[in-house]
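Me: I would like a close look at one part of this model. Please keep it brisk.

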Amino acid sequence: MDDVDRLRGWPVTLTEGLVGLRPLRLRDVRVWRESRLRNANWLRPWEPSNPETPLFKTGLGPYISMAGTLRREARQGLALPWVVTYEGVFAGQLTVGAIVWGSARSAQIGYWVDGALAGRGITPTAVAMAVDHCFFTTGLHRVEANIRPENHASRRVVEKLGFREEGIRRRHLHIDGAWRDHICYALTVEDAPRGLLVRWRRARESAAHGGAPHEEV
């Protein structure tokens, strides 16, 4: 069985309430470019300093190239590149990448959402949907999220979903002009036997009924 066969359930569109995940399309490049340019200051402290992930480019070429690369990796069983939508409109990006098969069956997850939409629970909902799909449909065993210690909003996303903090990865990625430390968070399928969406729904219901407060991202 090759990697393409292993990547079960792709392409796929997922929804939970007003939040959706759908495969990245080449025709998304214009709105993708506009959103990233508009959110440049919001994203700059957390984005890899990598020309393949453009923040400030005004031409469409780099975006077309990046979309093509992600779609090719999806066909090869190495990534699941989604667009995050809110009320059916482009709201950000979520990618499950660096997929390793064999005895590891692991991946890394990264995400960003338009700063104008922060505070609506979009990001944890999207992450929960993606991880559940990875565990229960794709067949992955472990998903990691590597986050800068200073990125408190992103850390809250994975912490409220139950990701386990596993330690610091020193100078892990080149971010905003320098090599930066990252905290490694991870989950295995045994950590969430009923899925993250169930956990997230319960957390939101508890908060709505006066339970432990939580800050949405």
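Me: In S3, which residue is the bridge partner of proline 23?

Reply: The bridge partner of proline 23 in S3 is tryptophan 82. A word on the source: this is a predicted model, where local features need pLDDT of at least 70 and side-chain atom pairs count only at pLDDT 80 or more, while totals for chains, interfaces and linings use all residues. Residues are numbered from 1 along each chain as its sequence is written, and side-chain values use heavy atoms, with hydrogens and water left out.

Now the strands. Helices (H or I, at least four residues) and strands (E, at least two) are DSSP runs, numbered from the N terminus. Two strands pair if DSSP finds at least two bridges between them. S2 spans residues 19-23. S2 pairs with strand S3 (residues 80-86) in the antiparallel sense, over 5 bridges. S2 also pairs with strand S1 (residues 14-16), again antiparallel, over 3 bridges. There, leucine 14 has leucine 21 of S2 as its bridge partner. S1 and S2 make a hairpin, with 2 residues between them. Glycine 17 sits in that turn and has a positive phi of about 60 degrees.

How covered is S2? Of its 5 residues, 5 are buried. Buried means under 20% relative accessible area, exposed means over 50%, and partly exposed lies in between (1.4 Å probe, protein chains only). Val19, Leu21 and Pro23 point one way from S2. Gly20 and Arg22 point the other way, and all of these are buried.

Next, the aromatic rings. The whole structure holds 4 aromatic pairs. Rings of Phe, Tyr and Trp (its six-membered ring) pair if their centres lie within 6.5 Å; planes under 30 degrees apart count as stacked, over 60 as edge-to-face and the rest as tilted. One of the pairs is tryptophan 32 with tyrosine 63, edge-to-face, at 5.5 Å centre to centre and 80 degrees between the planes. Tryptophan 32 lies in helix H2 (residues 29-38) and tyrosine 63 in helix H4 (residues 61-75), so this pair ties together parts 31 residues apart in sequence. Tryptophan 32 is buried, at 3% relative accessible area. Tyrosine 63 is buried too, at 0%.

Phenylalanine 135 and phenylalanine 136 also pair: their ring centres are 6.3 Å apart and their planes at 75 degrees, so the pair is edge-to-face. Phenylalanine 135 is buried, with a relative accessible area of 6%. Phenylalanine 136 is partly exposed, at 42%.
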